[in-house]
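Hello,

Here is the structure I promised to pass on to you. Have a look at it first, and then read on for what turned up.

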Amino acid sequence: MSEDARVLPPRRPPARLVLADGRVFEGVAIGVPGHATGEVVFNTSMTGYQEALTDPSYRGQILTMTYPIQGNYGTNRFTDESREIQVRGFVVRELTDLPSHWRGEHTLDAYLRAAGLTGIAEVDTRALTRHLRSRGVVMGTITTHESAAEALDRLRGEPDYGSLDYVSEVSVKAPFDFVDDRPWATPPVGDAPPSHVVVLDLGVKRNIMRLLCARGSTVTAVPHTTSVEDLLALAPDGVVLSPGPGDPMLLDHVVTTARGLVGRVPMLGICLGHQVLGRVFGASTYKLKFGHRGANHPVRDERTGRVYITAQNHGYAVDGDHLDAGATVRQVHLNDGTVEGIEHRSEPVFTVQYHSEASPGPNDTEFLFDQFMATVVSGQRPAEPRS
Amino acid sequence: MPGAAVTTARPEKPRVVLVIGSGPIVIGQAAEFDYAGTQACKALREEGIRSILVNSNPATIMTDEDIADVVYIEPLTIEVIERIIQRERPDGLLPTLGGQTGLNLAYQLARAGILERYNVRLLGTSMRTIELAEDRELFRTLLQEIGEPVPDSDIVETIEEALAARDRIGLPLVIRPAYTLGGTGGGFARTDEEYDRLVRSGLAASPIHQILVERSLLGWKELEYEVMRDANDTCIVICNMENLDPMGVHTGDSIVVAPSQTLSDTEYHMLRNSALKIIRALGIEGGCNVQFALAPRPEVVAWESEGVPALPYYVIEVNPRVSRSSALASKATGYPIARVAAKIATGKRLDEIENSVTRRTSAAFEPALDYCVVKIPRWPFDKFAFGDRTLGTQMKATGEVMAIDRTFEAALGKAIRSLEFGGRSLQWEHPDWGAEPPLHATDERLWALITAVRRGMPLPEISRRSGVDPWFVERLARIVAMERRLLAEELTPTLLADAKRMGFGDSQIGTLADRLPEQVRALREEWGLKPVYKMVDTCAAEFDAATPYFYSTYESENEAPPHDQERMLVIGSGPIRIGQGIEFDYCSVQAARALRAAGVSAILANSNPETVSTDFDTSDRLYFEPLDEESVRDLLENEAGANGNAPASIVQFGGQTAVNLARALHSAALPIAGSSADSIDLAEDRGRFERLLSELAVPQPPGTAVKTLENAVTTANAIGYPVLVRPSYVLGGRAMEVVQDANELVSYFAAALAEKTGVVLIDKYLSGLECEVDAVVDGDQVLIPGIMEHIERAGVHSGDSMAVYPPQSLTQAQRDAIVDYTTRIGLALGVRGLMNVQFVISPPDDPDPEGPGVFVIEVNPRSSRTVPFISKVTGVPLVQLAVNVMLGRSLADQGYSGGLWPEGHLVAVKAPVFSMAKLVGVDTYLGPEMKSTGEVMGVDVTFDAAVRKALIAADLGVKPGTSFLLSLSNQTKSEALPLIRMLHEAGSRLYATEGTAALVQGLGIPVELVTKRLNEGHPNVVDVIREGTVGAVINTIEGGRPGPLRDGFHIRRTATEVRIPCFTSLDTARAAIQALAVPGSYQVLPLNVYRDGEAGA
């Protein structure tokens, strides 16, 4: 292959993204040919495509990256946040075949192909994002072999994102003890004594478990269907309700489990886990117009007034107006006032809507894991709430 | 510390705040601080705080009297600022918006106890913070305490310590002087000789005689983070940027990309964490810039890559203030850093400040980009052919361009089109480059890299040799592959679309595909290939944004539909370069304001990220685009929309950049506001202009335009030597020279032909007093706000001359002639708007001794660099008047009439400022080619006081009794006699070179002989300068074509390097010595007090 042929963007076959509202975006096929259907969402983070692709919270969704050049540093085996690519489809402006990184192993396209994912590049992703922000997220399908009309017909036959339970797809099938398979360990943080944390897996990211391990915990992930008794039988010092995909209103069984755990063990709810605990505390949840997905979301701690930049990935939110007297909203989103953190008034239970584990995204709120470990070690909620 | 509950008590909001500007434009400190200061003053006003501004630079928007509440145009010295504090009694001082100059002054004011004495609080940054960030040793200790890595280094204050440091750390080493800007005096030393030279120059450059000698991280990746913090400890990163040039090149001289392209999420956040930790440890309330070096590959550090998540990094530098990088970051993201920093300094928290771009979110967030930004520096080597083009730790660029697009290749292509570097495209190759172009860091490296790709050098090899990351090299390879397609394949709609999407300009495509640019444009029209415009909105389209700031790209959705309002386009002036500086940005901003004041929507186009003109609220719509024919026509067609109703373009304010577009716009049937393309051509076409002046009976030096050497020689013989030669259609006297004889004429012509300058103008060189005027012409009347008289005689470029308003030595008849000629020319040319006319007065060889002795030497049918100066000292709003004329309002309608505006009671002197210390190999003598980068103004009620202030502000102040080194050319010796006597009487010790010493002795004045033959014993001229024996130099040269190594070059360079005044014109020296010889002081008053005649004598 000549140098020119190598460096020029490959001539890829055409593909199109068809939205349920009839809007069509033309582009070229990446990954494998075929079609892929899901709720079309956008993420504004400028780095972290591999972490995002493997984030189980994107299950059932077609992910659009708003940063136009994707694949710059390739992919490697250490960066996956779960065992596989979780998104249903991938939409980018430019997919580069010329990555450069000392850690890189494959191009992003090769990575998508190996996973059998269908995607689309050369899309005016800004036009798509503007459409989604004004119209709200919408079902869509990427296709490499159908006309727009055919694809739309097929799309109309597909179930809506909100009606499906994706948690059962991503949760572990049986309990397992987390072992970091990377050749380096996340550096130890703090000097907490050894502890055992159980993660109720609704679609956990590896970095949550790594950050717990780094704080002296052994971590066991258990299926979302685990009962209170089975879970407590593992003798956890603390329980994490993990992030995950889909509508929290579909998770009555998890809400029941969580309700049974409050008061019996220190708990941390992250993202979907936060929404589940929100329901435990009497609130309902609702769907946001286009969600929060990115690495630049400002969250204000209502006690200190301090603002943190957080990584977010959620389409639903907790309605803070109807919380029980037992719980209080502790953090809010600066842009739209959505509830970003809840704290129980008497029990060692707190939640965050954002991804304090980052990966991808800023590490500003990693200290929440220290705060959680303090409750795990003492079994008490902190005397003086910290932010 | 994250996790700790920190609820800081809110500091009291200040009532009156002093803002210190950054002074003249020099390399390392340019228009970005006018932008920062202007934003800060506006922010203070929004907060209801009274602002007091001081700056010595009149060519700034911040010194407009509607920006700050009180404006002082005064020298930036401790003494002056103390007097301002005394008079205005501010309770706060904003030290972080005036660059290093402002920060250093604030530091000195605090150190001297002045702030405490008058109860002035430092806002945003404490003394401790300034010390921590600026003192290398304290900074290093602090970083070690918080566990952030710094490269091995030693603080050095003597030569002996420097040698010890070298032996301990080992070469190569980086030398960084403390408390300097733009890396002045620093550098990168590979050898003992280089090390010795840099240690000496670094110690001299540092105001505290301290340098840092540091381990070299040559070849590592260089990254920058712009960070903000408020008093409540909320910290955010506005932007990260990656330098295409690896470590070793000053960031101001690096090609910079935003956001970073080659960093993984882990690496991005590792450095982000470090930056946040640092701003917290420093306790900055406001903005801060952190620079990092990151190891590019494991083998560089012999690292075990399997066992670690990330490679090591070092913290290289922190600026505890807004900076050039923060201006770039502001324009790259849409986030107004200086504005927010000013608000934080007054006690506001980030979440209490509105995001003025979205108007629905707060300033507490991190911008998300959905485009790629490329910045390329603009270097002055088109002016300084003999300058050393190697890039290192000392910045050499005078300005920069920025371009935005959705791919790196396209942004790079547009950035290169924005450079206006002699029409040089990415396809340019140096004729001397062989199979292996030089890949070390020079201003031409980008072209060398792509040439190497073109010549087939393996890409990994290019990356290894240059240190440029393979990611960037492969992108260049992609551009080369596209070039080959364009050369080989038929130009189809698909190929053209691919090329446009990759950022190829029509003219490049034309060259490669064998078409004229206009034909490529026609094909684009036929095939429907037009750019769309997308918005810079800080949030990657997540929210609806209110600020119309656009860039072009070849995609589907256009976000900038034409609107119906009456509107006009102001074409800006592009990158700051010698000859086209911040003055033109001043005019563009004023023009936009005047349009808006007249109810006309102002559209602005520019490519310069440093400027006020590209601020988000200067215009109603901003196009961040190259200012070439293609981009300007594209955006005008976009504005025209379907009905083809394009707005008129104003080309008078953007310097030669904008004026040069007049013809192309006219040919494309696009309307031009004000003077027509034909008027402009009439003024600029030498033949037509000469005929016009003859018809008007306006005297001019004999001369003509020639195209061949034969004609040149014939003409020169006819009019007699010396002659002034220059290419037609250029700005800033590029390649203008005084030629003494036929031999010099031949060599000039050879050089001119090599540069394909085409037409060369030859004029009789008349060496008299020089004057100039700016004028507004409405077709019936010509208003001249004032006459400016140059201190230096003709032969020194007007941009390098000191000038005084009002004129000090003109007769009434000469004034009348100037007004009369200007009026006649303005009306005959059909000017609508501004023009500038330059005159020579009473030349000794006057060809017409009976006349008033006034000759027109040049007319510019546009705004000139003196417009801000003359507007400020006379109070006549020139730009506003001109814009209203273009909108059809006569001068009379605006309450003005023709003729010379009554002279005020003040005297104002403009003095040029040079950046020569930074440009190794460049000769500093004053001549017909412009060399200065900026200017200052001294204003008072007497000429002597005004000159004194201008000299102090320009750093040319000479204290009484200073020892002088004299080295005079034979031509100037007799004229220098009174000056020598004056120096002697003022108590100066005199040192002189061989011939000059004899002259001084002849006057019976004691003098010490110093040889200028450097190989014949000591002390020689270089010794007495370097050792500080003399504090100033007067060195005149024979006229003619100077090369870099001719007589006196070492004298001038050495004086420049040790930063003592070096006068190469007796006129400047005389003004300086006279001003200092006359006892008396100067006043410190707001500008309007002088102008209104309220300042006592």
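Predicted model: local features only at pLDDT ≥ 70, side-chain atom pairs only at ≥ 80, totals over all residues.

Let's start with a pair of helices in chain B. Helix α32 of chain B spans residues 970-985, and helix α36 of chain B spans residues 1066-1077. Their axes come within 10 Å and cross at roughly 15°. That angle is under the cut-off, so α32(B) and α36(B) are roughly parallel to each other. The crossing in which α32(B) passes α36(B) is left-handed.

Which residues meet there? From α32(B) come B:Thr972, B:Glu975, B:Ala976, B:Leu979, B:Met982 and B:Leu983, and they meet B:Leu1066, B:Ala1069, B:Arg1070, B:Ile1073 and B:Ala1077 in α36(B). Sorted by class, this contact has eight nonpolar, one polar and two charged residues.

The other part to look at is a sheet, also in chain B. Four strands form this open sheet, in the order β6-β9-β7-β8, with antiparallel pairing. At the edges are β6 (153-156) and β8 (187-189) of chain B, each of which pairs on one side only. From one strand to the next, the twist averages 25°.

If you zoom in on β6(B), you will find four bridges joining it to strand β9 of chain B (residues 211-215), and the two run antiparallel. In β9(B), B:Ile211 stands opposite B:Val156.

Finally, helix α8 of chain B (residues 192-205) lies across β7 (173-177), β8 and β9 of chain B. Relative to β7(B), helix α8 of chain B runs at about 15°.

Best wishes

Technical notes. Residues numbered from 1 in each chain as written. Chains lettered and ligands numbered in written order. Axes fitted to C-alpha atoms, helices over the stretch in contact; angles between N-to-C directions. Parallel < 35°, antiparallel > 145°, perpendicular 65-115°, else oblique. Left-handed = near helix turned anticlockwise from the far one by under 90°. Contact = placed C-beta atoms within 7 Å. Nonpolar A, V, L, I, M, F, W, Y, C, P; charged D, E, K, R; others polar. Pairing = 2+ DSSP bridges.
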